[in-house]
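Here is a friendly note to go with the model, in numbered points. Please read it with the structure open beside you.

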Amino acid sequence: MRDFSNHPVLITGCSSGIGYHVAHGLHKRGYRVFATARQVEDVARLQAEGLEALQLDLDHSASIDTAVTEILSRTGGRLYGLFNNGAYAQPGCVEDLSREALRLQFETNLFGQHEVTTRVIPAMRAAGQGRIIQNSSVLGFVGLRYRGAYVASKFALEGLSDTLRLELAGTGIHVSLIEPGPIESEIGPKALPHFHRHIDIEGSVWRDIYKSELERLGNEPPNRWRLGPEAVLQRVIHALESPRPKIRYPVTTPTYGFAILKRLLPVRWLDRLQQYAS
């Protein structure tokens, strides 16, 4: 096995799900992993599990600066990889989303990730190499009802990443997007507080839909298309280690399917299919 100990990797959003699994998976593979999380208790738990963990809150520039400065200090100014994973999903129909709800969704899912990225690029540029891996979604290129805030943040992440890739051409820094479909994680249950905070259920024309969605968010039904987070780990490994990492890594059958259908179907036909899938 190759020695990856001199390839430090920063991962955001490691408290659970994809970030947690990828952090442990890369650590076992020999990478020096800096696993970050927002809550101090999650950082302590990750440290107890043998990971080099730090607090990093994507909603606050000071937290980002403190974490990145500490990581670069520990590595002598080097960082090989960044896996931008931290995010949450704000449920709700578009007409019920306040400006604040959208702003907060973008603070975490786009602005925070962008700030981490711009902070580490100089270290990668100085080394003449680096891998920036953005965890997007199938909802980064197709929309689904009741998920407008999350969809908008992931569409924006894809556009920003495509532009960054063009601008970094020739620097040795590669930018890849991972596009998971349904993955085993806590994104549904963790969306509930945001739903209750920002959506007026009883005052909405969508209240009956919301009540059924609440049951789904609190207890995700079985889904034959859902894969474990190890499927994402395999894509992250390829994006870190391949001499020619892919620009996009679809994960799960629905992601592959929608990518093909978006190219083949008229928009209105795709609309009908997406309404059925919601």
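What volume does the second largest pocket have? About 190 Å³. Before the details, please keep in mind that this is a predicted model, in which local features need pLDDT of at least 70, side-chain atom pairs count only at pLDDT 80 or more, and totals for chains, interfaces and linings use all residues. Residues are numbered from 1 along each chain as its sequence is written, and side-chain values use heavy atoms, with hydrogens and water left out.

1. The pocket. A pocket here is an open set of points, on a 1 Å grid over the protein atoms alone, where a 1.4 Å probe fits and protein lies on both sides within 12 Å along at least five of seven lines; lining residues have an atom within 4 Å of a point. The volume is the space filled by probe spheres set on the points, with grid points joined across faces, edges and corners.

2. Who lines it. Strand 6 (173-180) and helix 5 (148-167) each give at least two lining residues, and strand 6 has the largest share, with 4. Helices (H or I, at least four residues) and strands (E, at least two) are DSSP runs numbered from the N terminus. By class, the lining holds 7 nonpolar, 3 polar and 3 charged residues; Ala, Val, Leu, Ile, Met, Phe, Trp, Tyr, Cys and Pro count as nonpolar, Asp, Glu, Lys and Arg as charged, and the others, Gly among them, as polar.

3. The cores. A nonpolar core is a set of buried Ala, Val, Leu, Ile, Met, Phe, Trp, Tyr and Cys residues joined through side-chain atoms within 4.5 Å, where buried means under 20% relative accessible area (1.4 Å probe, protein chains only). In the largest one, of 30 residues, the members touching the most others are Ile 11, Val 22, Leu 26, Phe 83, Val 232 and Val 236. Among the elements that supply at least two residues of this core are helix 1 (17-29), helix 8 (230-241) and strand 7 (248-251). Helix 8 provides the largest share, 7 residues. A second, separate core has 22 residues, including Leu 10, Ala 123, Ile 173 and Val 175.

4. Two backbone angles to check. Most residues other than glycine have a negative phi. Tyr 146, though not a glycine, has a positive phi of about 70°; this residue sits in the loop between strand 5 (130-135) and helix 5 and is buried at 11% relative accessibility. Thr 252 likewise is not a glycine and has a positive phi of about 90°. Thr 252 lies in the loop between strand 7 and helix 9 (253-264) and is buried at 3%.

5. A loop isoleucine. Is Ile 183 buried or exposed? Ile 183 is buried, at 9% relative accessible area, in the loop between strand 6 and helix 6 (187-198). Leaving out residues up to four places away in sequence, its contacts (heavy atoms within 4.5 Å) include Ile 18, Arg 226, Val 232 and Thr 252.

6. Cysteines. How many disulfides does the structure hold? It has 0, a disulfide being a pair of cysteine sulfur atoms within 2.5 Å. Cys 14 is buried at 0% relative accessibility, and Cys 93 is buried at 5%.

Methods: Buried means under 20% relative accessible area, exposed over 50%, partly exposed in between (1.4 Å probe, protein chains only).
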